[in-house]
Amino acid sequence: MASIYTHRDSNIYKTWLLIAVFLALFVGVGYILSISLNTPIIFIVAIVLSLVMSFGSYWWSDSLVLKMTRAKPLQKEEHPEIYNIVENLCITAGLPMPKLYILHESAPNAFATGRNPNHAVIAVTTGLLERLDKTELEGVLAHELAHIGNRDILISTVVVVLAGTIVYVTDFLFHGLLFGAFDDDDGIGLPQIAIGIAALVIAALFATIIKLAISRKREYLADASGALLTRYPEGLASALEKIASDPNKLSVANDATAHLYFENPFKGDRKDKKISFMAKLFMTHPPVEDRIKALRGTQSEQDTPQ
């Protein structure tokens, strides 16, 4: 079974590879646009912006995520039980204690962010604290600690900035091409504009698919690692059932941060519906049923929680 230390070095390598891919994608689209629209400045801006965003995504993406989600520091005197659970799990996992934050949201959910275990954050919603019992809460927190131990938090947080930048910039340029570039003063015609629009659409689609694929793969690993950490997979499976059945949506969730959360923050109605291959391709998380099935098929070393 995968442990909390499994693939750590691989994830660090993949993080830098991912940054390189996004750099190449961003600069490549800039080059295509600069050639097709006969505007060299676009290529220069693409290079500068890609370098700035790559550097910023490593150092400041966690702060950006906390601001985007409006998370606030969780005070120990107000929620000592959370601190006790996390401290015990950190001792078991051999990880430093992360900073704890809270989102004042009724929807039960959580996420982890940060660039490494020494600069990690776990954020939980008030709905999570109210809805889950201790073993379920331990399962969720162990899952988030697994993301920290597996170095998922860096790659997932970096993706927020890089994928978001590509999507927002391509959207801006797309509208600019549609509404502001249909003049032939500079020799720009419909074929060049069509090439530019195609490049933008492909870039945005590619960035989105990469982000979602990374998220789904890491959720399965974090589930397995979290179950191993608590030695009680049923706690995590039960938490998934409660969270998935809760009808509330996170008001602070958006497309850029959705993949960070423990479970899909948008809560689409999936009851009794078969999920198609294309639908799965654009899901931020694996189907809950698949995650629960995997957890309940796991052979834990103990039959009861510690």
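Strand 3 (residues 110–114) and strand 4 run antiparallel and are joined over 5 bridges, where strands are DSSP runs of E with at least two residues and helices are DSSP runs of H or I with at least four residues, each numbered from the N terminus, and where two strands count as paired if DSSP finds at least two bridges between them. The two strands form a hairpin, with 5 residues between them. Within this pairing Ala112 stands opposite Ile122 of strand 4, and Gly114 stands opposite Ala120 of strand 4.

This is a predicted model, in which local features need pLDDT of at least 70 and side-chain atom pairs count only at pLDDT 80 or more, while totals for chains, interfaces and linings use all residues. Residues are numbered from 1 along each chain as its sequence is written, and side-chain values use heavy atoms, with hydrogens and water left out.

Strand 4 is also joined to strand 2 (residues 99–103), by 5 bridges and in the parallel sense, and here Ile102 has Val124 of strand 4 as its bridge partner. The open sheet to which these strands belong has 4 strands in the order 1-2-4-3, with mixed pairing; its edge strands are strand 1 (72–73) and strand 3, each of which pairs on one side only.

Strand 4 (residues 120–125) is mostly covered, 6 of its 6 residues being buried, a term that means under 20% relative accessible area, with exposed set at over 50% and partly exposed in between (1.4 Å probe, protein chains only). Ala120, Ile122 and Val124 point one way from strand 4, whereas Val121, Ala123 and Thr125 point the other way, and all are buried.

Aromatic contacts are counted between rings of Phe, Tyr and Trp (its six-membered ring) whose centres lie within 6.5 Å, with planes under 30 degrees apart taken as stacked, over 60 as edge-to-face and the rest as tilted. By this rule there are 2 aromatic pairs, given in the table.

| Ring pair | Distance between centres | Angle between planes | Class |
|---|---|---|---|
| Tyr31 and Phe43 | 5.5 Å | 70 degrees | edge-to-face |
| Phe111 and Tyr261 | 5.3 Å | 80 degrees | edge-to-face |

Tyr31 lies in helix 1 (residues 8–36) and Phe43 in helix 2 (residues 40–69), so this pair ties together parts that are 12 residues apart in sequence. Tyr31 is partly exposed, at a relative accessible area of 46%, and Phe43 is likewise partly exposed, at 27%. Phe111 lies in strand 3 and Tyr261 in the loop between helix 8 (233–245) and helix 9 (277–281), so that pair ties together parts that are 150 residues apart in sequence; both Phe111 and Tyr261 are buried.

Helix 3 (residues 80–93) has 14 residues and reaches 20 Å from its first C-alpha to its last, close to the expected 20 Å, the expected span being 1.5 Å times one less than the number of residues. Its buried residues are Ile82, Tyr83, Ile85, Val86, Leu89, Cys90 and Ala93. Seen down the helix axis, the buried residues of helix 3 fall within an arc of 165 degrees, so they line one face of the helix; the arc is that of the directions from the helix axis to the C-beta atoms. Gly94 follows helix 3 and has a positive phi, near 70 degrees.

Glu144 lies in helix 5 (residues 134–149) and is buried, with a relative accessible area of 0%.
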